[in-house]
Amino acid sequence: MPLSASIPAAVPATHRQVVLAAQPRDTLTTDHFEVVTTPVPEPGPGQALVRNRLMSVAAVMRPLTLPDPDRFGLPQLLQRPGDPMHGPAVGEVVAAPGTDLAPGELVRHRLGWREYAVVDAAEAERLTPGALPDPAAYLSQGFAAWLGVVRGAEVRPGDTVFVTGAAGGVGTLAGQFARLHGAARVIGSTGSRRKADCLTEELGYDAAVVRGAGPIEDQLREAAPDGIDALFDNVGGEQLLAALAVARRGARFALVGALSAQLTGDAMATTAISTFDLIARGITLRGVAAFDHRDAYPEYEREFGRALSEGAMSYPHTRLRGIERAPRALCELVEGRHVGAVLVEL
């Protein structure tokens, strides 16, 4: 299909994108993906053609199915064989006829995993110039981290906070936000001693528990002998149960992720919890999803930008170059090989 006259001649006729070749049943491998060449799409009325420059890869992107997707309203988690993968990306507007977007503007959207994307103008979020010191930070999972700390667990000065999945893109920021909001002690869980050392030596965690190094509850009791006041939970399962066992009366739990279930492909896997115990000890469990708190984004962006600029926080991440590396990046992330976020330059 030839490019329309509204698209600059410098735009190539074709581009590359990553397609899900098969739904994973067990271990995710690069064989589940295919990098294909396809015509660059043309924008229609109210749309923009965007040249993607940077995309993020997150463990939550592991392709999965849901038994009743309409019920859960989570299209961002669904990936079907034969369809292009998707996820957050930052790109440059190439053409946006009939919209208020101008060529050259940087926008964020959810059609990553491809070099060019046609995005509805209403869903292309302009980046606030200078709000964050590094454009890569616009692809951080910092908003989820901030929400879990501030609105979910309501971290207060003096709290002891437990962050599960602490070495991932969300957890590396959640621990720092907890400290920024006054936490006296921050404990993280992770999958290896190497990552545990990174948490305590580089990211300001006071202690870490290691999955596979003994019962999580025993390790957590040792790390928090007086109990925990708040939980930022990325994982669920055994780690959530351990936090409940060690929680002080009135503890506040933010449930932000469910990786123990999602990484198996069964997003609906359950964890048995005693409701009587919750009632008796006055423990609050609150599910936190970013789309319910869009009003908070400006406050988060101001706080995150200021903390990064002043050196009060860091943004741990790895950058890889080339769309062909995206499938391997996701596999490695699911396997637990990286600390912090993983970004792919396109």
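Begin by selecting helix 2 and helix 3, which are oblique to each other, a word used for angles that are not under 35 degrees (roughly parallel), over 145 (roughly antiparallel) or 65 to 115 (roughly perpendicular). The two helices pack at an angle of about 45 degrees, with their axes 8 Å apart; axes here are lines fitted to C-alpha atoms, for helices over the stretch in contact, and angles run from 0 to 180 degrees between N-to-C directions. Helices (H or I, at least four residues) and strands (E, at least two) are DSSP runs, numbered from the N terminus.

Before going on, note that this is a predicted model, in which local features need pLDDT of at least 70 and side-chain atom pairs count only at pLDDT 80 or more, while totals for chains, interfaces and linings use all residues. Residues are numbered from 1 along each chain as its sequence is written, and side-chain values use heavy atoms, with hydrogens and water left out.

Now show the side chains between the two helices: Gly142, Ala145, Trp146 and Val149 of helix 2 meet Leu173, Ala174, Phe177 and Ala178 of helix 3, where contact means heavy atoms within 4.5 Å.

Keep helix 2 selected and ask how many of its 11 residues are buried. Eight of them are, buried meaning under 20% relative accessible area, with exposed over 50% and partly exposed in between (1.4 Å probe, protein chains only). Among these buried residues are Phe143, Leu147, Gly148 and Gly152, and what covers the buried set includes helix 3, strand 11, strand 12 (247–255), strand 13 (284–287) and helix 9.

Leu173, Phe177 and Leu180 in helix 3 meet Tyr300, Glu303, Phe304 and Ala307 in helix 9.

Phe177 deserves a stop of its own. Leaving aside neighbours within four places in sequence, Phe177 is in contact with residues including Gly142, Trp146, Tyr300, Phe304 and Met313. Phe177 is also listed, with Val163, Phe304 and Tyr315, among the residues with the most contacts inside the largest nonpolar core, which has 48 residues. A nonpolar core is a set of buried Ala, Val, Leu, Ile, Met, Phe, Trp, Tyr and Cys residues joined through side-chain atoms within 4.5 Å. Apart from it lies another core, of 21 residues, among them Val57, Leu320, Ala326 and Cys331.

Move on to helix 4 (residues 193–202), where Lys195, Ala196, Cys198 and Leu199 are buried. They cover an arc of only 160 degrees around the axis, which puts them on the same side of helix 4; the arc is that of the directions from the helix axis to the C-beta atoms. The buried residues of helix 4 pack against strand 9 (185–190) and strand 10 (207–210).

For the last stop, select Ala290, in the loop between strand 13 and helix 9. Is this residue buried, exposed or in between? At 35% relative accessibility, Ala290 counts as partly exposed. Not counting residues up to four places away in sequence, Ala290 touches Phe143 and Leu147.
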